[in-house]
Every structure is written in C-alpha cells, then in structure tokens.
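Hello,

Here is the structure I promised to pass on. Have a look at it first, and my notes follow below.

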Amino acid sequence: MHITGDHAELVVGGRLDVRSAADARTVLHSALDSGRGDLVLDLTELDSWDATGLGVIMGAHRRAGRTGRRLVLRGVPDRMQRLLVATRLHRILAIEGGIGLEAGEPLPRV
C-alpha cells in the first residue's frame, strides 16, 4: 500500500488491508488533523481492501466529522463500489460522482 499527497488530497494505491491498516490510519489521521475543508481520497490506484481497510476508511470518516471536515472518496473502483452498496456504506460516505451501479443491477454477495 502507498499513500501520497497532502492534507487536502491523498492518493491511495495497492492493498488497504490488515497489514497496511496501521500505517494508513496514521497518514489519514495526520492529514485530517493538519488541514481544513474536504479531504479527498483518490482510490483509482487501489487494488483491493479488506474489512480492516474499510474500517480504516470509516474511522477516518468519523474523525473527519469530529474535526469539522468531510472525507470524500474519488475514483472508487467498481468492485469496491459494489461492496459499499452491499454494506449500505454508500449512504454514509461522501463519494464524488456517486456510485456508478446501473439501475436494477443486483447487489453482490458478500
């Protein structure tokens, strides 16, 4: 996993999973604590995430709210969009451009 950027926009790439969660959490919290306005997470380079990685995103979302900021996801890969819909987290998280699932497309099994 790699994260690059600053307190306004971060690009997350590789795998966001149990092995990288602690490092990702540290970077996200630091960015949230040191900036203002929206923090955009660009996920176009993200290969996969597991439940722990998704937990890091949700923790950052909660921390953003406590600091008066908003966490915005950009470029969420299709596979991960389906997971957000299946878990109904797409209703909680700010996703730039919304979720691109076609109307009537069945929800994935998780």
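In which strand is the place of T4? T4 sits in strand β1, residues 2-5 (helices, H or I, of at least four residues and strands, E, of at least two are DSSP runs, numbered from the N terminus). This is a predicted model, where local features need pLDDT of at least 70 and side-chain atom pairs count only at pLDDT 80 or more, while totals for chains, interfaces and linings use all residues. Residues are numbered from 1 along each chain as its sequence is written, and side-chain values use heavy atoms, leaving out hydrogens and water.

T4 is partly exposed, at 45% relative accessible area (buried is under 20%, exposed over 50%, partly exposed in between, with a 1.4 Å probe and protein chains only).

Next, helix α3 (residues 78-86): M80, Q81, L84 and V85 are buried there. Seen down the axis of α3, these buried residues fall within an arc of 145°, so they line one face of the helix (the arc is that of the directions from the helix axis to the C-beta atoms). Just after α3, R88 takes a positive phi of about 65°.

Finally, the whole structure has 6 salt bridges (a side-chain nitrogen of Lys or Arg within 4 Å of a carboxyl oxygen of Asp or Glu). One of them joins D33 and R63, with the closest N and O atoms 2.7 Å apart. D33 lies in helix α1 and R63 in helix α2, so this pair ties together parts that are 30 residues apart in sequence.

Best wishes
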